[in-house]
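Biologist: I would like to learn how to read salt bridges and helix packing in a model. Please take me through some cases.

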Amino acid sequence: MCGIAATIDLSTYFGIKPSAKDLTKTIIERLKDRGPDASSIKCIPEEDEIQARRPRVVLGHTRLAIVGGEFTQHPLSWSNGKTRTTLIHNGEIYNYRELKELLILEGYCQAERFSTDCDSEVLLACIALRDIEWTLENIKGMFSFMLVEYTENQGTVPYVTLERIIAARDFFGIKPLCYTIDNVRNRIVFASQVSAIPFDLGLDQQTIEIKDVLPSTYIELTFQQNVDGKNKWNFTLMSHKYNSNDLGPYPWCPIGENYDPSKLFSQNYEKIRTKLIDAVRLRLPPHGSCKTAVLLSGGLDSSLISSIAAHLLDQGSLDTFNIRYQGEPNDDSLILDCHHANLVNKHISKIRHHEVVFTFDEGMAVLPHVIQCLETCDAVCIRAAVPLFLLSKHISSLGFKVVLCGEGADESTAGYRLFEEFLPTCPTGSSLFLQELNRRLINIDTSELQRVDRCTSAHGLEARVPFLDLDFVQEMMNVSPFEKMTHSSLGRIQKWILRRAFDTEYADTSTRNKKAWLPDSVLYREKEQFADGIGRGWIKTIQEYAIASEGITDGYCAEKALYKKLLMENKEQKFLDSEVRMSLVKARQARRQSNQSFGKEPFCSKFQPIRWLSVCNDSDLLDLDISMEDAQTFVQSTLGWSSESFKTFTPTLASLNCLITSMLQKIPFHNLTLLLRERRPPTLVEIKNDMMTGLGGPCSVVNSFFAALLVTLGFGPCIYLLSCQILGQNNCHVAILVQIKGLRYFVDVANAKPYFEAVHLGDSSIKESLSGSFKWNLSYNAKSSLMEVKHFSNVAMSFDPSLTVHFRSFRKMIQQSRTDRLFGPFLTGLRFCLYPSISDVPYIMAVRDMYIYEGTSIKSKQEAASRSEIENFARNPSFSNINGFSDMVEKAVRILDKERPAWFDVATKKK
């Protein structure tokens, strides 16, 4: 990682002050953070007395020494007869050794021609010997470079003829390069960062415009003698797009004739895993060459990179780093990145993890400098940049030079939450999804890469991004759009293909690791934004500060105003005019938003709302305090499992279905406690006691307890509560959403209907139970955006598959169900049911209002049941095993008889 700069003096008069050399020196001085190990300047021609045929060029370079040792000096030159080619380069060419061997093997040069073991010299040789197009098609790496081709003519009067100048960036723009043309002062200036171009050194700021050299592009400058008699050289600037042999032409993954949206994922997981492992291997410096670390946020992407890098280490340990905001509690909160980073640390023995804590004052102290480095006022980018800037400073202070990070994964794997908005059944859904995927990937240099490069390079760190390896990206883009889509109706977590590629359960036995790459709680963790994961307190506090500072009541608007003000500030006239810099900011924004599939960027206001509210973080349910001993007692004593079955229990879909069956067979769903107890929500002690004794209860009791039990049994942390709608009544039923191996399942063990299995949200097939007498299925209603539970094609219940809730959100419903007779049937009749297995045949044993259901079919019912019939039914052996149940039914009958005697009178008349 280095800094590069160049000034091309187009004037035929060389007395202009400041000189091109002075201007370049100033830029290089400002780029020393990018390359703290060495700096150099080269003028072409080198001496003023040598006559220049065409413009003069000054190249500047600052170097971070990683490849080629500390003594490699830039700019580098290559001679081919009278033609000389000179290069300044920022970045790394990972396959430079292979390219060097290829040049020698094919006879383009001898090994002795190379004077260093530096990747930059191989890059230079490839261009000089094979030309620019071949080189850009074959190199693997991240780079921006400038190359000057000229001829030296020796004679009585030596002179130099400038042939052309080339400026290029890598395929995704991992390394930056910008330029400006000053037609008044007759200069063209290049720099790694616009903030390095000075305010007061010979540029006309009324006319200049800063532009980026675009990713996967090189620009070519050629020069001509001015025939108009003006004292300057004319030039031609041509921009060329290039392709790579490792990645097909843009746009990627077009929908062709063979595209089949109904086809499930058929890609080879091994290929995806192998490509990413190779990408990490390629980016790890040789052992002992320099200190290398990984930015381990605790999210999926950085955790995978950490695990792979540790796996590839021949010796020693891998240093990983994480940062969190001091305002957040230092506990095992499952939301915070630091918790998951520590899980990875415990899982991988070769990792030596470091956690950094920053305060609000520390963040505010660097905020103005961060914004100037970033060259943006984008709120989402800046929020995440401040902690990354502070973390990079700490890592650099410990002597590290290279860091690997997880950026770039979301673009090729569709990991952003906005991708969940694309409905697969919509005629344009897949094409718009693909358009957005391509747009995000091709413009990643204006967002994620801009943040990572500026924050790390400000402290002399080189960030490497394995997820943007062209081979890996190509493999991911080969996957059809449908297979990456994560609309909530599909019932799968974002990036589920990548997750499964590193799940040892899906690996070929020949390549399967003895140990999992990551624990499932990390591998299948729901996505957090970086600034959210480090602690939402940072966002909240910065917005409170912005409101007070800017006098704007809306937090997000105040935050944007603060950042823009800091970007525009130029009190010491250190930077280019604010309007000049803002024009580049706007150009990048326009490029990022071009062909956008949404009218605006979604989820960018205060912060992204947490939609997946895990039971693990539900303080109410945590207070149930279901220990493993409690779980064992409940499963064995109440559900009737053997000790051996519990001992060998593992959390899988099959074992979940076994638990569901046992719950329906042993734990009654009823409204009896609503009638018998005080008209108030049950306490957590009552909920736990009712369930541990097998007494059961309404949906809020049974399903909430079961969700907490699943967490204790190892299904967590991806267990959630759903708020369901019945007959147009919102929030009147509690169900469960369980994520297993990246797939989401609907579960309900407290319903008057027998849902005998967990059903994947993307599975709309008909399910049958009770000898086929009950049929039901799930389907998604695109108009209402709700998932519907249908009984015999009729909608019985619905819920939002993208919205989960905490237990406390049901308190109003629970209170209403105990006091308001108009709120459903909870206080207007009797309801209790059980689905026992009698002689291994599933039965229904239920009372619903005035009907008794008993038999192998849901149609086996007795109409207009009387008081005595209901009381006798409750003494059935299926219920008698539940201590006190029949007595509770008798008391409920008496209470209902007293409060609503007409209910039984109607039943008697019907009979």
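Modeller: Start with accessibility: at 34% relative accessibility, D117 counts as partly exposed, where buried means under 20% relative accessible area, exposed over 50% and partly exposed in between (1.4 Å probe, protein chains only). This is a predicted model, where local features need pLDDT of at least 70, side-chain atom pairs count only at pLDDT 80 or more, and totals for chains, interfaces and linings use all residues. Residues are numbered from 1 along each chain as its sequence is written, and side-chain values use heavy atoms, with hydrogens and water left out.

Biologist: Which side chain meets D117 in a salt bridge?

Modeller: Side chains of opposite charge can pair when their charged atoms come close. A salt bridge is a side-chain nitrogen of Lys or Arg within 4 Å of a carboxyl oxygen of Asp or Glu. Here R97 meets D117 (3.3 Å, N to O).

Biologist: Are D301 and K495 buried or exposed?

Modeller: Both D301 and K495 are buried. Their side chains form a salt bridge (2.9 Å, N to O).

Biologist: How many salt bridges does the structure hold?

Modeller: It holds 43. A network of them links R34, R169, K175, D212, E375, D445, D453, R454, R588 and R591.

Biologist: And how is helix packing described?

Modeller: Two packed helices are described by the angle between their axes and the distance between the axes. The axes of α26 (residues 684–692) and α27 (residues 699–712) come within 10 Å and cross at roughly 80°. That makes α26 roughly perpendicular to α27, a term for angles of 65 to 115 degrees.

Terms used: Axes fitted to C-alpha atoms, helices over the stretch in contact; angles between N-to-C directions. Helix = DSSP H or I, 4+ residues; strand = E, 2+ residues; numbered from the N terminus. Parallel < 35°, antiparallel > 145°, perpendicular 65-115°, else oblique.
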